Amino acid sequence: AAAAPAANAPANLDEVVHTAVTTLADGSNNFVELAKLKADAKVRSYFRRVLFKPPWDDATWAMFFQSRPTTWEYDERTIAVRIRSELSVQIEEAMHMKRRKAPFPEDLYTRVLKSGTPLETVSVVANAKDNEVAALPSDAIEALMGSLGQK
């Protein structure tokens, strides 16, 4: 029979990083700076023993976290990461449902189509309610942004 792995041996990188972020965040849901994560002894040890190299550069870490959006929240501005909480998942789902159920903003859409100049268009959009703008179809927003970029 094959020997069982040691009880404290990490199974994979995801577990090592999850444990390190939890420890560095002191059990809170705070963001952990990437520099602190890369300096963590267990992370460094895992890279050295299993991957035979130093921890990745920031861009590779960013790609790692962004490729796992159901597990991690990565903040590019602060170069920090946190474990995605159940509450943040629920908030995001509620926002998506609200957007999907929002009525089509026909009045705003008509006013945008009738505006004759980019300045009028900007004025119409700037004076619209946030939920109206958010309910516009993405292709309408793309066309609007494209028309504002033309001279």
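The structure is a predicted model, in which local features need pLDDT of at least 70, side-chain atom pairs count only at pLDDT 80 or more, and totals for chains, interfaces and linings use all residues. Residues are numbered from 1 along each chain as its sequence is written, and side-chain values use heavy atoms, with hydrogens and water left out.

Start with helix α4, residues 58-66. Helices here are DSSP runs of H or I with at least four residues, strands are runs of E with at least two, and both are numbered from the N terminus. The buried residues of α4 are Trp61, Ala62, Phe64 and Phe65. Buried means under 20% relative accessible area, exposed means over 50%, and partly exposed lies in between (1.4 Å probe, protein chains only). An α-helix has 3.6 residues a turn, so residues three or four places apart point the same way.

What do the buried residues of α4 pack against? They pack against the helices α1 (13-24), α2 (34-39) and α3 (41-51), and also against β2 (72-75) and β3 (80-83). Contact means heavy atoms within 4.5 Å. Phe65 shows this well. Not counting residues up to four places away in sequence, Phe65 touches Val17, Leu34, Leu37, Trp72, Tyr74 and Val81.

Now step back to the core. A nonpolar core is a set of buried Ala, Val, Leu, Ile, Met, Phe, Trp, Tyr and Cys residues joined through side-chain atoms within 4.5 Å. The largest one has 20 residues. Val17, Leu37, Trp61, Phe64 and Phe65 touch the most other members. At least two residues of this core come from each of α1, α2, α3, α4 and β2. Helix α1 gives the largest share, five residues. A second, separate core has six residues, including Val124, Ala128, Leu136 and Leu144. In soluble globular proteins, nonpolar side chains tend to be buried together.

Helix α1 also holds Val21. Val21 is buried, with a relative accessible area of 1%. Its contacts, leaving aside neighbours within four places in sequence, are Val32, Leu37, Trp72, Val81, Arg82 and Ile83. Val21 and Ile83 are 62 residues apart along the chain, yet their C-alpha atoms are separated by 7.4 Å.

Which residue lies in the loop between β3 and α5 (86-101)? Arg84 does. Arg84 counts as buried because its relative accessible area is 17%. Leaving aside neighbours within four places in sequence, Arg84 is in contact with Pro69, Thr70, Thr71, Trp72, Glu73, Val89 and Glu92.

Next come the charged pairs. A salt bridge is a side-chain nitrogen of Lys or Arg within 4 Å of a carboxyl oxygen of Asp or Glu. By this rule there are six salt bridges. In one of them, Asp14 meets Arg68 at 3.0 Å, N to O. This pair links distant parts of the chain, with Asp14 in helix α1 and Arg68 in the loop between α4 and β2, 54 residues apart. Another joins Asp58 and Lys38 at 2.6 Å, N to O. Asp58 lies in helix α4 and Lys38 in helix α2, so the pair ties together parts that are 20 residues apart in sequence. Glu73 forms a salt bridge with Arg82, and their closest N and O atoms are 3.2 Å apart. Glu73 is buried at 17% relative accessible area, whereas Arg82 is partly exposed at 21%.

Phe52, in the loop between α3 and α4, has a positive phi of about 60° although it is not a glycine. Phe52 is exposed, at 70% relative accessibility. Ile79, in the loop between β2 and β3, has a positive phi near 50° and is also a residue other than glycine. Most residues other than glycine have a negative phi.

Val122, Ile141, Met145 and Leu148 make a nonpolar surface patch of about 320 Å². Patches are made of residues with over 30% relative accessible area and no salt bridge, with like charges joined within 9 Å and nonpolar side chains (Val, Leu, Ile, Met, Phe, Trp, Tyr) within 5 Å. Accessible areas come from the Shrake-Rupley method with a 1.4 Å probe, and for residues only the protein chains shown count as cover. Helix α9 (residues 138-149) gives the largest share of the patch, three residues. Met145 is found in α9 and is exposed, with a relative accessible area of 54%.
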